[in-house]
Amino acid sequence: MKVDVLLGMQWGDEGKGKIVDVLTPQYDIIARFQGGPNAGHTLEFNNIKHVLHTIPSGIFRPKAMNVIGSGVVVDPVILREEIESAMKLGADLHNNLLISKKAHLIMPSHRLLDKAYEEYKGASKIGSTQKGIGPTYTDRTARIGLRMGEIFSPNFVQKYNTTKAHHLKVMQGYNFTETNEEYEKQWFEAIEYLKAFNFIDSEIYVNKALNDGKSILAEGAQGSMLDVDYGSYPFVTSSNTLASGVCSGLGVAPSKIGKVYGIVKAYCTRVGSGPFPTELFDATGETLRRIGNEFGATTGRARRCGWLDLVALKYAVMLNGLTDIIITKADVLNDFDKLKVAVAYKINDKEVDYVPFEMNDEIEPVYVEFDGWKQDISKCQNEDDLPKPLKDYLKFIAKETGVKISYLSVGPDRVQTLKVNIE
């Protein structure tokens, strides 16, 4: 058996949570491999809307085991809140949630550091969620971080205080004096609460499961264009969001990667700062935001909206070795007369078909235009029900990327997802 992978192809918010929930019945195990509570994966079913930040999105499918992998960073307070909320909806997390001992802990002082760094950057801030993600990954690389398995160590508090003291010294250099004693109290209470759950050596568990013939879906967070190495740096997240991140985040060999599903929103959005070549600043952009309810599931911030960017998408397809595309939020475009897709960038009057090293405001998108389908697709039951202009739009995406479209989302509920075969 191999690990199938599901990733966002844009700047995040592509609808990964819903799609994982839809695909979960095909898998025995769902595993998050990177990111932290800066993720917001929204699921809708049985007239209930639920947002997950750390827990894998298969948690509401009772037959699936859900793994928080070693590449994830965990805030105990947020994880406790998620667990309690999911259990109220009937999820059995004592039995179907497994937490890697090697996942790193987000400390309260990491959150303060995150805020200190953003304030120091001023106008050049990256738009961090200020949940301590970046500083936690920094400590991991610097080899001074705390891992989940250490909460059972008799000298855990001593280790905590040593790392906290280091953070306080760093903050002094930024003249940052804010404290969060109340959050720290909640943090230690959450640590005790989490001890009742199942902690594992996740790399051993995952590889044994593969050898035993179990099917596994690796769930990514954020999006490919936010990858720390290949995204729109420095306006990126702090982890590897690409398919290659599965190998380090779950501890599996590259030869163990199977299908790679890429989720693509039918248009583009981005939260926070950073380049966004196809961003719309007019009434069309506002209409996309309003109809698509484009507000961050984690932060509530309004998302920047624009047309589909095929230059960036083809770049993400190349980096991930994509085998299947899943299109989401096509229904948001129901009422548009015309749609545009960027097929190239114009930089200093020169047209290029790749993502350049310098992504800045000088990039001008080159568009092709499509007719809108001008009808409600939310009730479509199969590929044959889809209007021709939508099929033309999807066929263009598949042809340009060289990747077949396997699923199409026509609404927010799990049942509004069609299996298609568009090439």
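**Ground rules.** I am working with a predicted model, where local features need pLDDT of at least 70, side-chain atom pairs count only at pLDDT 80 or more, and totals for chains, interfaces and linings use all residues. Residues are numbered from 1 along each chain as its sequence is written, and side-chain values use heavy atoms, with hydrogens and water left out.

Axes here are lines fitted to C-alpha atoms, for helices over the stretch in contact, with angles from 0 to 180 degrees between N-to-C directions. Helices (H or I, at least four residues) and strands (E, at least two) are DSSP runs, numbered from the N terminus. Helix 2 (residues 76-88) packs on helix 7 (residues 181-194) at about 55°, with the axes 8 Å apart. The two are therefore oblique to each other; angles under 35 degrees count as roughly parallel, over 145 as roughly antiparallel, 65 to 115 as roughly perpendicular and the rest as oblique. I logged their crossing as left-handed, meaning that the near helix is turned anticlockwise from the far one by less than a right angle, whereas clockwise is right-handed. The contact residues divide into twelve nonpolar, one polar and three charged.

**Helices 11 and 12.** The axes of helix 11 (residues 310-320) and helix 12 (residues 388-401) come within 10 Å and cross at roughly 50°. That makes helix 11 oblique to helix 12. This crossing is right-handed. I found Leu 310, Leu 313, Lys 314 and Val 317 of helix 11 meeting Phe 396, Ile 397, Glu 400 and Thr 401 of helix 12. Five of these residues are nonpolar, one is polar and two are charged.

**Cores.** Which residues touch the most other members of the largest nonpolar core? Val 246, Ile 327, Leu 333, Tyr 393, Ile 405 and Leu 408 do, out of 60 residues. A nonpolar core is a set of buried Ala, Val, Leu, Ile, Met, Phe, Trp, Tyr and Cys residues joined through side-chain atoms within 4.5 Å. Helix 12 gives the most to this core, with five residues. A second, separate core of 33 residues includes Leu 93, Met 107, Trp 187 and Ile 191.

**Helix 1.** Eight of the eight residues of helix 1 (residues 16-23) are buried, so this helix is largely enclosed by the rest of the structure. Buried means under 20% relative accessible area, exposed over 50%, and partly exposed in between (1.4 Å probe, protein chains only).

**Start of the chain.** Is Met 1 buried or exposed? Met 1 is exposed, with a relative accessible area of 51%, and lies in the segment before strand 1. Leaving aside neighbours within four places in sequence, Met 1 is in contact with Leu 210, Gly 213, Lys 214, Ser 215 and Lys 256. Asp 4, in strand 1 (residues 3-8), counts as buried at 13% relative accessibility.

Notes
Contact means heavy atoms within 4.5 Å. Ala, Val, Leu, Ile, Met, Phe, Trp, Tyr, Cys and Pro count as nonpolar, Asp, Glu, Lys and Arg as charged, and the others, Gly among them, as polar.
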